[in-house]
Amino acid sequence: MLDQYRTEEGTLSGQDTSNSNCLFALTQYHLTRRRGSGGSPLKALSKRPCSESNGVDVREEKCSFHRALLVPEIVRLIFGFVQALDEESPVGECVGFVTQTEGKRSLAYLSRTCRFFHEPAIDALWMNLESIDPLIKLLPRRMWGRNRYPLLVRKFMRKKHWDTFQKYASRVKTLRGPSYGLSAATQHTVMAAIASSPKATRPLFPQLTEIIWREIRMFHRSEPCVSLLKYFMGPSVTQITLKLHCWPYHIPSEMSVLTEMSNLCPNIVSFTAQFPPSSHNDPCEEVGDIVSNWKKLRALHSCALPQSVMDQLISQNTLESLAIELNNSIYPPFIGRLPESLHTFSLGGSSAMMCTRYLKNVHVSPTSLTLRIGADDSTIEDVADLFRILPDHFSNTTVQIFTPELTSSYWMSRSTDTFRLDLTVLRPILVFTSLRIVDLSFFSTAGLNDDACTTMAQSWRSLESLALGTVDILMERPVATVRGVIAFLAHCPCLTNLAMAFDGTRHIPEVSDIPSGVINTRIERIDVAHSPLMDVNAMATCLGTLMPCLKKVDVVQLGREDDRESGGRWEEVQKMLSCSLRSQGINTD
């Protein structure tokens with residue numbers, strides 16, 4: 001209904017109805033349409049059958065809440081904002097392997113407020129499941145309790161159990177699994193019991209659109225649980241993410257589920273299959289057989305695929321995002337040009353040399369380029385060789401986002417090592433003059449001085465976001481000073497986000513020495529990471545002059561005494577900047 005009204009009334013008073021500020025305008029539009037049937041809108045609503053008004057008999061004289069809340073579309077939209085609280089702040093109390101966040105608690109309270117709120121709140125509460133635990137634990141404890149013998153579950157499955165499960169399962173649209181609190185045997189038996197109900201149909205979640213499945217593999221526990229997917233996969237599923245940490249130790253029943261995936265889910269548009277680094281059995285053939293059957297695929301994240309599969313994907317011309325992970329030294333090469341529809345390209349390997357070999361015969365023109373480099377098996381010379389071939393294989397004017405990351409060569413984690421960048425290593429990247437976002441946060445800035453920063457800024461004049469040395473694992477002392485920061489502010493007028501480690505103990509210019517016209521009113525927050533600092537007053541005055549809207553200074557708190565002192569000084573800088581803004585009547589919250 002909401003889409004219908006947006007189609008009929010694209011704007012109300014010149015504003016887009018998708019904006020939350022137009023909720024009351026949309027309400028007025030609804031109520032105006034209802035007045036056409038005669039009588040007041042509230043009476044018209046109360047005259048409808050209960051099934052049309054969510055079972056609520058509303059009387060005008062008894063209405064104690066705003067009339068906007070009588071419109072189901074607006075109520076669902078408000079509850080959607082409540083649900084979004086968990087995306088902004090996902091931290092919460094973990095109870096039974098399920099995180100109780102502020103958004104979930106609020107939706108639970110709303111569902112018990114009144115009958116009109118119940119259904120929309122329950123829909124929002126069960127829309128995204130981070131585990132199948134809540135659904136399984138709706139059933140009697142004897143079906144999943146640890147002290148119960150799981151093979152006895154089938155005979156105790158009753159109609160009311162299925163009705164309870166189906167009531168909530170039909171609302172789920174995103175599912176993460178498997179359960180971390182229940183054994184694989186218990187999960188299999190419970191799901192088999194539910195599926196054996198006379199009224200049960202597969203998939204058990206009819207509205208499910210996204211599956212995120214992560215296998216458990218630890219030194220004392222290995223539970224793939226892949227075969228559980230057969231109960232959830234169906235034609236409504238459009239996105240699948242598989243983290244196959246147990247590869248290649250899957251039994252035939254689990255492999256058969258993976259093989260049938262493309263038939264059970266024919267409408268996939270986004271597919272991710274992650275495998276452990278240094279896998280002994282390259283999965284390119286198995287993944288290629290799955291992917292080749294999807295004709296609408298737009299996003300793919302997997303291992304390197306055979307040439308024939310890549311040619312087929314290119315011919316479909318639907319691929320918009322491609323991420324390749326080179327898990328070991330044996331992988332199928334690709335020769336050719338990737339489709340023009342591709343906007344995002346990502347390549348990861350256990351070493352920089354491996355990435356270089358794969359790119360030698362690849363040509364692509366994406367807007368976003370990400371490189372995940374295994375640092376354990378790489379050297380700075382290998383990284384320089386990789387950067388050197390990029391201009392020959394990527395369009396200099398098309399790439400707008402460049403993000404090289406340093407990862408572990410053997411584990412699915414960030415690197416415990418770093419490399420010291422200098423202008424010689426970065427010079428090939430300077431030819432990408434259309435870059436808007438550059439993230440070099442994993443590298444050390446100990447080799448970049450103020451002159452190097454000036455050269456970089458002059459080459460990347462369209463820069464909007466820069467991260468330089470803020471995630472350096474070794475936290476080496478930077479060489480560039482405030483003059484390097486000024487160079488980026490002077491030559492990159494669109495700069496909005498700045499995260500840069502620099503030496504704050506040297507060359508802090510006086511206000512009179514700052515070049516005229518160098519001022520940035522876009523930046524409200526900067527990250528200085530482990531930057532050293534001595535003179536608090538001089539730094540606060542300098543940054544306040546260069547960035548008059550600056551409200552927040554982020555710093556890394558370290559255990560070393562001198563670093564703790566620098567962190568405390570940066571906090572004093574932020575306090576001085578906040579006081580200056582408040583004195584001008586500017587809110588710093």
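Modeller: Ring pairs tie Trp162, Phe165, Phe205, Trp213 and Phe232 together into a cluster.

Colleague: What makes two rings a pair here?

Modeller: Rings of Phe, Tyr and Trp (its six-membered ring) pair if their centres lie within 6.5 Å; planes under 30 degrees apart are called stacked, over 60 edge-to-face, and the rest tilted. Searching the whole structure by that rule gives 12 aromatic pairs.

Colleague: What kind of model is this, and how are its residues numbered?

Modeller: It's a predicted model, where local features need pLDDT of at least 70, side-chain atom pairs count only at pLDDT 80 or more, and totals for chains, interfaces and linings use all residues. Residues are numbered from 1 along each chain as its sequence is written, and side-chain values use heavy atoms, with hydrogens and water left out.

Colleague: Which residues of H5 and H6 make the contact?

Modeller: Lys104, Leu107, Ala108, Leu110 and Ser111 come from H5, and Phe117, His118, Ala121, Ile122, Ala124 and Leu125 from H6. Contact here means heavy atoms within 4.5 Å. By class, the H5 and H6 contact has 8 nonpolar, 2 polar and 1 charged. (Ala, Val, Leu, Ile, Met, Phe, Trp, Tyr, Cys and Pro count as nonpolar, Asp, Glu, Lys and Arg as charged, and the others, Gly among them, as polar.)

Colleague: Why is H14 called roughly parallel to H15?

Modeller: The axes of helix H14 (residues 352-359) and helix H15 (residues 380-393) come within 9 Å and cross at roughly 20°. That angle makes the pair roughly parallel.

Colleague: Which way do H14 and H15 cross?

Modeller: Left-handed, meaning that the near helix is turned anticlockwise from the far one by less than a right angle; clockwise would be right-handed.

Colleague: And what makes H18 and H19 roughly parallel or antiparallel?

Modeller: Helix H18 (residues 482-491) and helix H19 (residues 536-546) have axes that come within 12 Å and cross at roughly 5°, so they are roughly parallel. Val482, Ile486 and Leu489 of H18 meet Met539, Cys542 and Leu546 of H19. That contact has 6 nonpolar, no polar and no charged residues.

Colleague: How do you know that Arg171 and Glu119 form a salt bridge?

Modeller: A side-chain nitrogen of Lys or Arg must lie within 4 Å of a carboxyl oxygen of Asp or Glu, and the Arg171 and Glu119 pair has N to O at 3.1 Å. Arg171 sits in the loop between helix H8 (159-169) and strand S6 (174-177) and Glu119 in H6, so the pair ties together parts 52 residues apart in sequence. The structure holds 14 salt bridges.

Colleague: What stands out about the backbone at Gly177 and Pro178?

Modeller: A cis peptide bond joins them, with omega about -5°. Trp247 to Pro248 is also cis, omega near 5°. Most peptide bonds are trans, and most residues other than glycine have a negative phi. Met475 has a positive phi, near 50°, and lies in the loop between strand S20 (465-468) and H18.

Key:
Helix = DSSP H or I, 4+ residues; strand = E, 2+ residues; numbered from the N terminus. Axes fitted to C-alpha atoms, helices over the stretch in contact; angles between N-to-C directions. Parallel < 35°, antiparallel > 145°, perpendicular 65-115°, else oblique.
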